[in-house]
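Here is a walk through one protein chain.

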Amino acid sequence: MTTFADLGLSDNVLRAVSDAGYESPTPIQAKAIPPVLMNKDILGCAQTGTGKTASFTLPMIDILSQGRGRARMPRSVILEPTRELAAQVAENFETYGKYCKLEMALLIGGVSFTEQEQKITRGVDVLIATPGRLMDHCERGKVILTDTKILVIDEADRMLDMGFIPDVEHIVSLMPRFRQTLMFSATMPKEIRRLADKFLDSPKEITVAPPATTADTIEQSAIPVSPRGKRRKLTELLRVEDVSNALVFCNRKRDVATLYRSLEKDGFKAGALHGDMDQYKRMEWLAKFRDGEINVLVCSDVAARGLDIPSVSHVFNYDVPNHSEDYVHRVGRTGRAGRKGKSVTLVTENDDKQIAEIEKLIGRKINLEKPAESDTAEAPESPAATAQPVEAGDDKAPSTKKGRAKKSRSRRPAEAAPREAGEETSKEPTGDKKPAANDEGRRSVKPREPRGARSSNRRGERVPPDVPPEELNKPFGETDLVPAFLRR
Ligand code: AMP
């Protein structure tokens with residue numbers, strides 16, 4: 001069996017890998033690390049969960065260990081579609097690069113980045129960024145890409161879904177032609193192939209099997225409930241199931257907030273994560289969940305993909321997802337790395353068609369449990385039932401089946417699955433620019449209040465446990481809320 005030592009990595013990196021507790025390389029690491037160390041281009045067809053991040057970060061650390069970044073000219077650039085993924089890759093660099101002296105900066109939206117800009121001005125070896133934010137910095141002359149030796153385009157198909165490809169093409173056009181390019185994508189649609197042909201030079205193609213998606217390690221079931229009986233059922237399940245920690249997925253952001261509050265009131269150690277929250281809050285909740293300070297995280301689909309949350313014992317689909325693929329991503333948050341996991345989906349009579357589609361996609365039947373009479377009887381108090389008034393453009397919770405059916409028929413697919421606001425928009429607002437359209441673009445876009453001035457969100461709902469405003473008003477690098485990897 002291949003070991004990390006066989007792959008040609010330096011002692012410093014091997015030591016960090018061993019500290020991380022990895023015993024042997026995953027297939028993508030075994031296949032990608034040697035050619036990356038030989039400065040070859042890579043086209044990797046791999047999902048998150050396969051160990052792909054280390055497959056490019058480990059050899060990059062070794063390559064970049066020689067030489068130094070020049071002012072405003074990063075030596076390598078990693079493009080990620082979302083802030084969370086970018087922050088996660090930065091954490092990886094921190095973990096694996098702890099015995100090497102590399103300067104790293106993270107350019108993502110949603111937070112003040114004075115300190116990151118200062119780092120870039122001094123010179124960084126690795127710049128991890130989302131496309132919109134990087135474009136802004138390039139346009140303002142803060143970042144110059146003409147010294148880029150290595151470019152990583154991660155999650156290319158997701159960049160495509162999110163409309164980032166024009167930005168990516170522009171960013172690449174600012175880089176030197178002779179560079180090493182590593183591109184990763186979970187799927188290879190035509191457009192991604194076209195980009196690969198354009199950006200990569202005789203790449204080594206590597207395909208690895210997806211990790212356990214809805215695999216045998218995950219016990220999947222569905223429970224019929226009435227739309228108004230969902231909250232009660234969930235609470236009951238959280239109490240009777242052997243839940244060490246759980247993600248609870250809602251389709252709508254406002255339901256995330258409402259359900260979170262309700263669970264907290266019921267005494268659960270709960271948190272919430274959705275795209276309307278500011279970056280600090282999102283990172284804080286994630287850290288609390290990882291550290292076990294809370295064990296129930298109510299979230300929207302922003303948490304379903306890519307995020308590395310180890311050892312989740314349960315996934316609850318409070319709502320059946322609108323898109324079947326989201327089911328796979330949500331359920332894939334449990335049963336990772338061969339561990340056992342359980343997913344439970346609450347199904348109402350309106351969800352039959354969607355469940356059939358999911359079953360078609362995953363190629364198996366989801367075990368539908370027999371309903372308890374009390375579960376299908378109408379009972380008050382679901383978040384949808386107790387939800388706040390709905391903003392224009394938001395999904396109104398229809399009160400009748402007929403209304404719901406009509407609504408779902410009339411909805412265009414793009415509206416049915418709005419992009420999370422936390423995911424980068426093609427051009428993020430900076431300075432005098434207008435806010436770009438994201439899923440909030442469907443509403444009238446009000447200027448954001450200064451961070452920290454809010455103890456409630458724009459709908460007047462209280463945002464969960466508040467960070468002191470003075471903390472939020474501090475520059476990103478000076479507050480204790482900044483994750484450790486940014487406090488170097
Ligand atoms: P990724 O696909 O990069 O998101 O990685 C998924 C998870 O696998 C992360 O929690 C990594 O820390 C973990 N991981 C990466 N490489 C290895 C390895 N060789 N052995 C065990 N775990 C790993």
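At 3% relative accessibility, Trp285 counts as buried, because the cut-off for buried is under 20%. Trp285 sits in helix H12 (residues 279-291). Keep in mind that you are looking at a predicted model.

What sits over the ring of Trp285? The charged end of Lys288 does, 4.9 Å from the ring centre. Trp285 also has an aromatic partner, Tyr260. The two rings are edge-to-face, with 65° between their planes and 5.7 Å from centre to centre. Tyr260 belongs to helix H11 (residues 253-265).

Now step back to the whole chain. It has 488 residues, and 53% of them count as buried. The chain holds 19 helices and 14 strands. Look at contacts between residues at least 6 apart in sequence: 76% of these join residues at least 24 apart.

Next, find the open sheet of 7 strands. In what order do the strands lie? The order is S3-S4-S2-S5-S6-S1-S7, and the pairing is parallel. Strand S3 (104-107) and S7 are the edge strands, and each pairs on one side only. On average, neighbouring strands of this sheet are turned by 10° against each other, direction ignored. What holds such strands side by side? Strands of a sheet pair through backbone hydrogen bonds, either parallel or antiparallel.

S3 pairs with strand S4 (residues 126-129) in the parallel sense, over 4 bridges. Helix H5 (residues 114-122) lies across S3 and S4. H5 runs at about 135° to S3.

Move along to S1, which spans residues 42-45. Which strands does S1 pair with? On one side, S1 and S6 pair in the parallel sense over 4 bridges. Here Cys45 has Ser185 of S6 as its bridge partner. S1 is also joined to S7 by 4 bridges, and these two strands run parallel. Leu43 has its bridge partner, Glu205, in S7. The side chains of S1 are worth a look too. Ile42 and Gly44 point one way from the strand, while Leu43 and Cys45 point the other way. Are these residues buried or exposed? All four are buried.

A helix covers this part of the sheet. H9 lies across S1, strand S5 (150-153), strand S6 (180-185) and S7. H9 runs at about 170° to S6.

The chain has 3 aromatic pairs. One of them joins Phe56 and Phe184. This pair is tilted, with 35° between the planes and 5.3 Å from centre to centre. Phe56 is in helix H3 (residues 52-64), and Phe184 is in strand S6. The two are 128 residues apart, so the pair links distant parts of the chain. Phe56 is buried, with a relative accessible area of 0%. Phe184 is buried too, and its relative accessible area is 0%.

Another charge lies over a ring elsewhere. Arg15 is found over the face of Tyr99, at 3.7 Å from the ring centre. Arg15 falls within a stretch that carries a database label. The UniProt annotation "domain: DEAD-box RNA helicase Q", from an unreviewed entry, covers residues 2-30. Over this stretch the chain is 45% helix and 0% strand. Its end C-alpha atoms are 7 Å apart.

Finish with the backbone. Most residues other than glycine have a negative phi. Two residues here go the other way. Asn39 has a phi near 65°. Asn39 lies in the loop between helix H2 (27-37) and strand S1 (42-45). It is partly exposed, with a relative accessible area of 49%. Ser202 has a positive phi of about 40°. Ser202 lies in the loop between helix H9 (190-199) and strand S7 (204-207). It is exposed, because its relative accessible area of 64% is over 50%.

Note on methods: Residues are numbered from 1 along each chain as its sequence is written. This is a predicted model: local features need pLDDT of at least 70, side-chain atom pairs count only at pLDDT 80 or more; totals for chains, interfaces and linings use all residues. Side-chain values use heavy atoms; hydrogens and water are left out. Buried means under 20% relative accessible area, exposed over 50%, partly exposed in between (1.4 Å probe, protein chains only). UniProt positions are given in the numbering used here, feature names are shortened, and annotations may be inferred rather than shown by experiment. Two strands pair if DSSP finds at least two bridges between them. Axes are lines fitted to C-alpha atoms, for helices over the stretch in contact, and angles run from 0 to 180 degrees between N-to-C directions. Contact means heavy atoms within 4.5 Å. Rings of Phe, Tyr and Trp (its six-membered ring) pair if their centres lie within 6.5 Å; planes under 30 degrees apart count as stacked, over 60 as edge-to-face and the rest as tilted. A charge sits over a ring if NZ of Lys or CZ of Arg is within 6 Å of the ring centre and within 35 degrees of the ring normal.
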